[in-house]
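Please examine the sequence and the structure shown below. The explanation that accompanies them is meant to be read with both in view.

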Amino acid sequence: MSSHAASAPAALSAAPASTAPAASKALTFGLAGIVLTALGLFVSGAKVVAHSWLVGVTYWTAIAVGMLLLVLIHHIFDASWSTVIRRQFEHGLAAFKWLGLLFLPLLLASFLYDRDLIWPWLDLNREIHGGHTVGHDPLYLKKAAFLNPGMLIGMTIAFFASWIWLSSRLRRASFTQDQDGSLGWTRHNRVTAAIGLPIAALTLTFAAIYWIKSLEYHWFSTMYGVWFFANCVRGALSFGVIIMVWLWQRGDYRGILNTNHFHSIGMLMLAFTVFWAYVTFSQYFLIWNANVPEETFWYNLREINHDGASNQWKWIGIFGILFGHFFIPFFFLLSYRFKVTPHILRRIAIWILAIILLDLCYNIMPALKDSHGDALPLLSLNLLWILTSVVGVGGICVWAYLRSFGTAKLIPIRDPRIGESLTHHE
Amino acid sequence: MSAQPYGLIATFKTAPALYHAAEAVRDAGYRHWDCITPFPVHGLDKAMGLRRSIVPRISLVGGITGFCTGMSLIWWTGAVDYKLIVGGKPLFSPMFAFPVSYELTILFTAFATIIGMFVLNGLPMHYHPVLKYDQIRRGMDDTFFIVIEARDPRFNAANTRALLEQAGGEAITELEP
């Protein structure tokens, strides 16, 4: 069966078709998004725009972390079928250094402009409910060793440093193997995966805690890191499908991908849909069942206003999160035909990517409250700044991916598993 | 030996030979026939013209049944048969019925899948006419077989034998029922 391996990559000796025009288009979109978001500062104020930017940066960071995880998992399991699409994830990892740069404004603005801008615990003099300040809040003092300015800066640097370090190791080994064909690089990547998986698990968990969960520092959930992990992987798989179908329709992947590659990635999408639902429901159910005010307030904020009337977030929770993030993808992905038809699989991939954004909005945006302490609605001008932030950060990430795309072969042609991958289940 | 044999069995030396013979038998329109191989041959289902199994649909029915069973179990015991307020919770809520429903979804899906597979494959099967063929053990080692059953409407001892011969089959033998 592996005799195919010698013939199939014949078309690959040529460099992939140029993506330079697409890259400059992505860069233009990215910069336009950033400029528009900056204009929002004068329209909606710094607080709203900062939270929107946080959504944009965490969204693309989640996808990039998901890609990192998929590459690490590929190597630790010595996987074969995913070899042909692994290279695209490696290109995606080029976005990390830019994501680090794009995160920087949040830290700078928090420390230089207004400590109360995003994370409430950065400002110890901030008045909280009940008349005292954060600095005198026993629930803060218990967590002060973790939630303080030095830790936020140090941890954020540590997150990006570990992701960039792991990415550059994986990319260098994989790209160099294209040139020299040395099996040592495969072993090198397996070592990186063994070291990198625990690092990635810890950093993504703490990133979710520091950046998102601590927006309500009274609240706690041990499922939070796992929830973020599930979104990371779902985002990366969905983005992977979009790349696969794009390269399939452009012709690059003709003769390389077969039905079974789409089936396999579709099955992973289904598995992680169930996993995401399991984790997210567990978090909700445990809090619902225990019914302790110090936990339930987080969901109350996302269901009712101070006068007991339902707010927008309740409907987003039911129709966006419960149905949109679980039931629709779940029943869609049960079908074999949908999983193996590229343009249909891409439809659900786009859907999942949109809903992950909604999920992040659901977790981040209700931190913005009005004078009654009610969550500001999503459907307002705020949504515009979220979208410009997503386009802004996304344009830069896609540009980084496309720029990297031209620097290496389409698939890792000298990977020892490439033959198996080209004839996946054939 | 009775007048009507169980069918004809033909031997093939290699997987590609079997694969192409299967295509020939498929194109000749036979429906009651099978391949015997020592290992799974990728793509053979397509060469045999087999449609996808309906086991996934049986699994789905099992899963939905399990979910409904879990929900109605908790609802009937807690809100109808023996009303008891626990922890200030409502008598019934899909929230606390969900873990049970979820478990039963998995359990019933597994049952439906296994039972569906057994029934569709006619298992357990304690006897099969090919077991009387003295060379059949090699089907677990290094030889490939095609068996065409006599109950197939297109079966005709002479024509079927000719088809198998033309497809490259060797040692074509009649099987006792």
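The paragraphs below treat helix packing, nonpolar cores, the contact between the chains and some local backbone features. The model is predicted, and every value given here is computed from it.

A first point of entry is a pair of helices in chain A. Helix α7 of chain A, residues 149-180, packs against helix α8 of chain A, residues 184-212, at an angle of about 155°, and their axes are 9 Å apart. Angles over 145 degrees count as roughly antiparallel, and α7(A) and α8(A) are therefore roughly antiparallel to each other. The crossing in which α7(A) passes α8(A) is left-handed. The residues of this contact divide into 14 nonpolar, 9 polar and 1 charged.

The crossing of α3(B) past α4(B) is right-handed. In the contact of α3(B) with α4(B), 18 residues are nonpolar, 12 are polar and 1 is charged.

The discussion now turns to the nonpolar cores. The largest nonpolar core holds 109 residues, and those that touch the most other members are A64(A), L68(A), A95(A), A236(A) and C397(A). Helix α3 of chain A, residues 46-76, supplies the largest share of this core, with 19 residues. Residues up to four places away in sequence aside, C397(A) touches W60(A), A64(A), A95(A), W98(A) and L99(A). A second, separate core has 22 residues, among them Y19(B), F144(B), V147(B) and I148(B).

How many residues does each chain bring to the contact between chain A and chain B? Chain A contributes 7 residues and chain B contributes 6 residues. On the side of chain A that touches chain B, helix α10 of chain A, residues 259-290, gives the most, with 4 residues. That side of chain A divides into 4 nonpolar, 2 polar and 1 charged residues.

Most residues other than glycine have a negative phi, and most peptide bonds are trans. Against that background, D78(A) has a positive phi of about 50° although it is not a glycine. D78(A) is found in the loop between α3 and α4 of chain A, the latter being residues 83-92. Is D78(A) buried or exposed? With 11 other C-beta atoms within 10 Å, D78(A) is exposed, because a residue with 12 or fewer counts as such.

A171(B), likewise not a glycine, also has a positive phi of about 50°. A171(B) lies in strand β4 of chain B, residues 170-175. A171(B) counts as exposed because it has 12 C-beta neighbours inside 10 Å. Elsewhere in chain B, the peptide bond from L123(B) to P124(B) is cis, with omega near -5°. P124(B) lies in the loop between α4, residues 94-121, and β3, residues 144-149, of chain B.

S421(A) is buried because 22 other C-beta atoms lie within 10 Å, the threshold being 20 or more. S421(A) and S80(A) are 341 residues apart in sequence, yet 5.3 Å apart in space, C-alpha to C-alpha. Neighbours within four places in sequence aside, S421(A) is in contact with S80(A), W81(A), T83(A) and V84(A).

Key. Residues are numbered from 1 along each chain as its sequence is written. Chains are lettered from A and ligands numbered from 1 in the order in which they are written. This is a predicted model: local features need pLDDT of at least 70, side-chain atom pairs count only at pLDDT 80 or more; totals for chains, interfaces and linings use all residues. Axes are lines fitted to C-alpha atoms, for helices over the stretch in contact, and angles run from 0 to 180 degrees between N-to-C directions. Helices (H or I, at least four residues) and strands (E, at least two) are DSSP runs, numbered from the N terminus. Angles under 35 degrees count as roughly parallel, over 145 as roughly antiparallel, 65 to 115 as roughly perpendicular and the rest as oblique. A crossing is left-handed if the near helix is turned anticlockwise from the far one by less than a right angle, and right-handed if clockwise. Ala, Val, Leu, Ile, Met, Phe, Trp, Tyr, Cys and Pro count as nonpolar, Asp, Glu, Lys and Arg as charged, and the others, Gly among them, as polar. A nonpolar core is a set of buried Ala, Val, Leu, Ile, Met, Phe, Trp, Tyr and Cys residues joined through C-beta atoms within 7 Å. Two residues are in contact if their C-beta atoms, placed from the backbone, lie within 7 Å.
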